[in-house]
Amino acid sequence: MKKVSCFLLFLLFLFVPRLVYPSMEPFIRFEHLIPELNTISVPVVSSILQDSDGFLWFGTDKGLVKYDGYHFTRFSPSQSYPEIPSWSLSVFPMVEDKNGDLWFGTNGFGLFRFSRQDEEFTQFKHDPENPASLYGNIVISLQEAPNRDLYIGTRTQGLCRYERQKDRFSRIPLGEDVETIWDLMIDSRGLVWVGTQNHGLFKWDPAIQNSQNFRHDPENQNSIGSNSIWSVLEDHQGTIWVGTKNKGLNRFDKEGEKFTSYIGDDLKGNNLRNSNITSLWEDKTGKIWLGTSGDGVRIFNRKTKTFHVYKHHSHDPDSLSDNSINALYEDSSGIMWVATQRGGISKSLHNQVKFRHFKHNPFDPQSIRFNEVRSICKDSTGFLWIGTDKGLDRIDETSGLTTHFVHDPDDDTSISAGIPQAILKDENGLMWVGMEQTGLNRFNPQTEMFTHYRHIKEEKNSLSNNKVSVIRQDKEDQHTLWIGTINGLNKLNKKTGEFTHYFSLSSNPSTISSPQITSICEDRSGDLWVGTRWGLNRMDKQTGTFTRFITESNESQNHTVLDNHITSILEDENGLMWIGTYGGINKYDQSLNQWEYYTTNEGLPGDIICGILEDETGCLWISSNRGLLKFDPKTENITNFHLHDGIQSRQFNQGAYFKTRDGHMVFGGMNGYNHIDPQDIQNNPFIPPVAWTGFYVNNEKWGLGQPLSSLNKLIIYSKAGFITFEFAALCYVNPEMNQFAFKLEGRDKEWTYTGPNRTISFPNLPKKEYILHVKAANPDGVWNEKGISIPIKMIPPFWRTWWFLALALAAAAAILLSWVRTRSKLRTAQTVKKKNLEKVFRKRNITQREQEIIKMILDGACNKDIEKKLFISSSTVRNHIYNIYQKLGIQNRIELINLITKKS
């Protein structure tokens, strides 16, 4: 129904929602991340922590996971503790202690300490023989006290404390039947707040070793709402908030020691009567986030005492990844991280976005009915009118009340069926709505009735066509409206209700160039500029004649529009005409008859322009088929905005744009609309930490045994090959758009800017000492000028060092000397051998044949060798040898050799 006809129901819709829904909340977009570890997806995430360096850590059912914005790295203690299954360790709560070590509880393997410096694990578990050991191996809550003691909540053994100085565990006496400790929180005074299963909330004072128990009392409305406490939070004002099972959010009044319960609104569907509040977090704006065990996320506005619901919706990729929330965490830059039971991690830039985004939320009846926004207008009374594929919505941005106008075939005063393509508020306060297929509607806010104008063949003064695309008020005559359709331009006399038509005639060049009207603008001289699907037209309203601006495919585009499909027209404060087309932006200076063009070649995100608006500084805001941009005509500087800035999507819709009287702008597209205050747009001031994430030699990761950041100096062989450094800017807004620069001191005088590339490679650096400096910027160009650095010493391979060369020379000299000595000995031996032979031969009457045989024996020849060499028989050889032995008085060859080789 268009509206409620019954007066009582009218009052119900008109006034009651103004009290129930006092504010309008923008949509919060969630980005989904599921850790991938060795091709294994890890959808179960139980806890989140950002360490002091800026890295994010996730506790999963597959172990401890580190995230640098680009990659997930898994750490498991199974190498040090083989009894722990490598892929079956569930990490629950995590804390970072004052030393920078991580502590985490597990699903039955006790408590672990992880040293980030040497990447080693230390396990603490229950030992029945040791009363000073951990009291239970299933650890589900964990906190570090100011004195560095750890408080450990277990699943079945209650609460215990690890006394760091004494290196022992002791039980905190809350009661013998208190077994399950769901949550722990240490407040600003050092008091320990303990949420239990079925035993209420405890406050433990370590100074006096005493506890106070708060339990639900059905007779006392100021008691805590439930005895099952799943989460506890202290906000920045020191207020204690308690998340319960089925009894909502509870606030604790310290002075009166009483509780106030916030359940939510049954009518709005955001109540918490059947929800376990598993986690609580206060964001930087002071709003409290609530995670539930199956009902998504609630955001509690303390000023209005209202909850806003955010859940998983299968048809909305921007919704939560899963409704079962295990943990909430806001990082140092203000990004909210949501750990879920089945959907990995949902990441929200709720405080980082530049533009407020509004879209259909199935869990919020006050949101627009459909996401595809076709038309926008804001009237002087503060109502925002949104045309979508599901009808017309009127939004009171002050109260948050949304009224949906939908066609009722039984009510002639309801809005026409179809899609509102154009909306206009006239001088008399009447709303005019052009429909995609069903003509023109006039809405009277006083009576809340619609009057219809349609094309009627029999009436020559009726609307020329029922497909209405654009509506504009005549600046000189408040009784005249200009209506664009797909079959001509219409001039409506609001007094008489009659339409004057302007059609396209191919035989008459002074008529409009095309019947399909896309945009209308009236310039300061009173001429009407009309955009069509085939050309731009300037109309002289006095004569009704048109001047066409059309580009032909065979002519150079320097004196007319760049593309004939016109989408939007704007005259700026200087009288320049800006024309959006399917081929980019055209600037036309009428006084000089000059054209200029801007396309993707000049930095536009897309060439199909959907809308153009001018802000108070003279800058143009332009929506396109590939995003939103800001263009400064003076400097021609283009600033492109992306999804992380909060734009509804990359695809905006033609005609869905509007500038309000206060200078705000509204742009609509495929996924809702953006409300923009140009004066409030600021760059993200977050200075990103920079960290080393890897070191490679010849493209293989090099194990250094410790993080690169902990090295005082990196020593590398100068001939090691291709060395590569990897690093990360720990700004998680949109990591792929972080920027980097480096300088190798000792080689470079200037910084080298690498854009989003986060690796640096050096092939075969010469022998020298260097310092590598790296700095980074967030996506808005805010630089961390300090950055990181590491000294590098390039040394030659050991075989090129002086000591190695000295040793090698010494060894060579020794070898040479030994060779010389050996050669000398050999020569001496040869001389002795020759003299002895001559003496023996002469003295013992040795024949010539016997001399030959003796020399061969001395050279090592055997009988066979002698036979072959001298061509004599074996018996002859034996006879000669026998004669030699007899003449020399010896018995064998050894005596022969000794006789000849010994010195005289």
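**View 1. Asp51 and Arg116, a buried pair.** Asp51 is buried, and Arg116 is buried too; here buried means under 20% relative accessible area, exposed means over 50%, and partly exposed is in between (1.4 Å probe, protein chains only). Their side chains meet in a salt bridge at 3.2 Å, N to O. The term salt bridge stands for a side-chain nitrogen of Lys or Arg within 4 Å of a carboxyl oxygen of Asp or Glu. Asp51 sits in the loop between strand S4 (45-50) and strand S5 (56-60), and Arg116 in the loop between strand S10 (111-115) and strand S11 (120-124), so the pair ties together parts 65 residues apart in sequence. Strands (E, at least two residues) and helices (H or I, at least four) are DSSP runs, numbered from the N terminus.

A note before you go on: this is a predicted model, where local features need pLDDT of at least 70 and side-chain atom pairs count only at pLDDT 80 or more, while totals for chains, interfaces and linings use all residues. Residues are numbered from 1 along each chain as its sequence is written, and side-chain values use heavy atoms, with hydrogens and water left out.

**View 2. Asp780 and Lys354, a salt bridge between two loops.** The side chains of Asp780 and Lys354 meet at 2.7 Å, N to O. Asp780 is in the loop between strand S66 (768-777) and strand S67 (783-795), and Lys354 is in the loop between strand S30 (345-348) and strand S31 (356-358), so this pair ties together parts that are 426 residues apart in sequence. Asp780 has 22% relative accessibility, so it counts as partly exposed. Lys354, at 15%, counts as buried.

View 3. Lys713 counts as partly exposed at 37% relative accessibility, and Glu769 counts as partly exposed at 46%.

View 4. On a 1 Å grid over the protein atoms alone, a pocket is an open set of points with protein on both sides within 12 Å along at least five of seven lines, a cavity is a set where a 1.4 Å probe fits but cannot get out, and lining residues have an atom within 4 Å of a point. Of the 42 residues lining the pocket, Ser47, Pro93, Asp183, Asn326 and Ala327 are the closest to its centre. Among the elements giving two or more residues to the lining are S4, strand S8 (91-96), strand S16 (181-186) and strand S28 (325-330). The lining divides into 21 nonpolar, twelve polar and nine charged residues.

**View 5. The second largest cavity.** A search of the whole structure turns up four cavities of 30 Å³ or more. By class, eight are nonpolar, four polar and three charged.

**View 6. The open sheet S20-S21-S22-S23.** Four strands line up in that order, with antiparallel pairing; two strands pair if DSSP finds at least two bridges between them. Strand S20 (229-234) and strand S23 (258-262) are at the edges with a single partner strand each, so one side of each has no neighbour in the sheet. Strand S22 (residues 249-253) and S23 pair over five bridges, and Asp253 has Lys258 in S23 as its bridge partner.

**View 7. The hairpin of S14 and S15.** Strand S14 (residues 159-163) and strand S15 (residues 168-171) pair in the antiparallel sense over four bridges. Glu163 stands opposite Arg168 in S15. Four residues lie between the two strands, and Asp167 in the turn has a positive phi of about 50 degrees.

**View 8. Helix H3 and the residue after it.** The buried residues of helix H3 (residues 848-858) include Ile853, Ile854, Ile857 and Leu858, along with Glu850. Just after H3, Gly860 takes a positive phi of about 95 degrees.

Note on methods
Grid points are joined across faces, edges and corners, and a volume is the space filled by probe spheres set on the points. Ala, Val, Leu, Ile, Met, Phe, Trp, Tyr, Cys and Pro count as nonpolar, Asp, Glu, Lys and Arg as charged, and the others, Gly among them, as polar.
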